[in-house]
Amino acid sequence: MSLLVIGSVAFDAIETPFGKTDKIIGGAATYISMVSSYHTDDVNLVGVVGEDFPNEHIELLQNMGVNTDGLQIKEGEKSFFWSGRYHNDMNSRDTLVTELNVLENFDPIIPEAYQNCEYLMLGNLSPQVQHTVISRLRNRPKLVAMDTMNFWMDIALPELTETIKKIDVLIINDEEARQLSGEYSLVKASQKIMAMGPRFLVIKKGEHGALLFHENYVFSAPALPLEEVFDPTGAGDSFAGGFISYLAKTDDITFENMKRAVIYGSAMASFCVEKFGTERLVGLTHTEIENRVKAFISLSSVDISLAN
Ligand code: AMP
């Protein structure tokens, strides 16, 4: 099934305890599209960059099978730039710089050929733009999933609340779920957030896995204990990409299948953190992915016989 991905396409500068990068390719839609290309060959990107964005980065996406016809290139403007520094625990980070640049007045144009996409992933971006994308699709996709972050909760909460009403799945991290709901308990937070609109909610907990909520059901997925976490940037987006593209591939949006999608999302995120930026997401093999998914399955299954 076809997938429409929207989100930032960016320059990132990252500092971790292991090193520092200059401007490298990043952005939510970049990670989501790259990861999705392993599950479906119908990935359609909508985004915007400035004239400073190197063509080789766009070609990299194209070579991975991503349709970039919806990526606008703005003459005389600069690309979105984000910079972050990770703490020693690699779980928390400080945003050092967010320069919206081309994202400030981004008008997302949906190419005609994208109009009938069945699955929509609204990657991290201003909630107004995410809302515009939904309203510009003539037919509502079968499933609309959305990611957001504290940055937008701080500066555009009313718009975020409006957009959340229109979606099916919200994918956020634990800190964001607490901020959005005002509840510390993630179970209470999930109830409040689902009452805002989405029927499904995924709460990512970094190195502690992820929770999937729907009605009164909850599924808890583990995180793989990795020997080395090199750079967590893009892990959330890689999760979202793995999750939505697995659903698009299998075309099954039941809670049962979403559990599998959470495992695929977790597996793709686990690759992402092994190298800087998008590096590890290029050139993965299907065998590597399947083996990683198997590792998650064996980590989650337990056989216990209860004494009578
Ligand atoms: P993640 O580590 O999955 O939360 O995502 C990191 C990516 O999000 C980076 O590549 C950034 O370019 C991008 N990003 C950071 N802040 C924003 C923002 N305010 N809007 C859109 N994308 C952002």
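This is a predicted model: local features need pLDDT of at least 70, side-chain atom pairs count only at pLDDT 80 or more; totals for chains, interfaces and linings use all residues.
## A first look at the ligand and its surroundings

An oxygen atom of the ligand sits 2.9 Å from an N or O atom in the side chain of Arg93.

| Residue | Atom on the residue | Ligand atom | Distance |
|---|---|---|---|
| Ser8 | side-chain N or O | nitrogen | 2.8 Å |
| Arg93 | side-chain N or O | oxygen | 2.9 Å |
| Gly234 | polar backbone atom | oxygen | 2.7 Å |

How much of the ligand does the protein bury? Of the 510 Å² that the ligand exposes when taken alone, the protein buries 94%.

The ligand is surrounded by 19 residues, and the closest of them are Ser8, Asp12, Gly27, Gly234 and Asp237. By type, the shell holds nine nonpolar, seven polar and three charged residues. Which elements supply at least two residues each? They are β2 (10-16), β7 (80-86), α4 (150-155) and α8 (235-250). Among the contributors, α8 gives the most, with three residues.

Leaving out neighbours within four places in sequence, Thr21 is in contact with Asp12, Ala13, Ile14 and Phe276. You will find Thr21 in the loop between β3 (19-20) and β4 (24-26). Is Thr21 buried or exposed? Its relative accessibility is 14%, so Thr21 counts as buried, the cut-off being under 20%.

Ala210 counts as buried because its relative accessibility is 1%. Which residues does Ala210 touch, not counting those up to four places away in sequence? The list is Ile203, Lys204, Lys205, Phe219, Ser220, Ala221, Phe239 and Val262. Gln179 lies 31 residues from Ala210 along the chain, and the C-alpha atoms of the two are separated by 17 Å.

Finally, a word on the cysteines. A disulfide is a covalent bond between the sulfur atoms of two cysteines. How many disulfides does this model have? The count, which takes sulfur atoms within 2.5 Å as a pair, comes to zero. Two cysteines you can look up are Cys117 and Cys272: Cys117 counts as buried because its relative accessibility is 7%, and Cys272 counts as buried because its value is 1%.

How values were computed. Residues are numbered from 1 along each chain as its sequence is written. Side-chain values use heavy atoms; hydrogens and water are left out. Helices (H or I, at least four residues) and strands (E, at least two) are DSSP runs, numbered from the N terminus. Buried means under 20% relative accessible area, exposed over 50%, partly exposed in between (1.4 Å probe, protein chains only). Contact means heavy atoms within 4.5 Å. A residue is near a molecule or strand if one of its heavy atoms lies within 4 Å of it. A polar contact is a pair of N or O atoms within 3.5 Å; within protein, one must be able to donate a hydrogen and the other to accept it, and residues adjacent in sequence count only if both atoms are side-chain atoms. Accessible areas come from the Shrake-Rupley method with a 1.4 Å probe; for residues, only the protein chains shown count as cover. Ala, Val, Leu, Ile, Met, Phe, Trp, Tyr, Cys and Pro count as nonpolar, Asp, Glu, Lys and Arg as charged, and the others, Gly among them, as polar.
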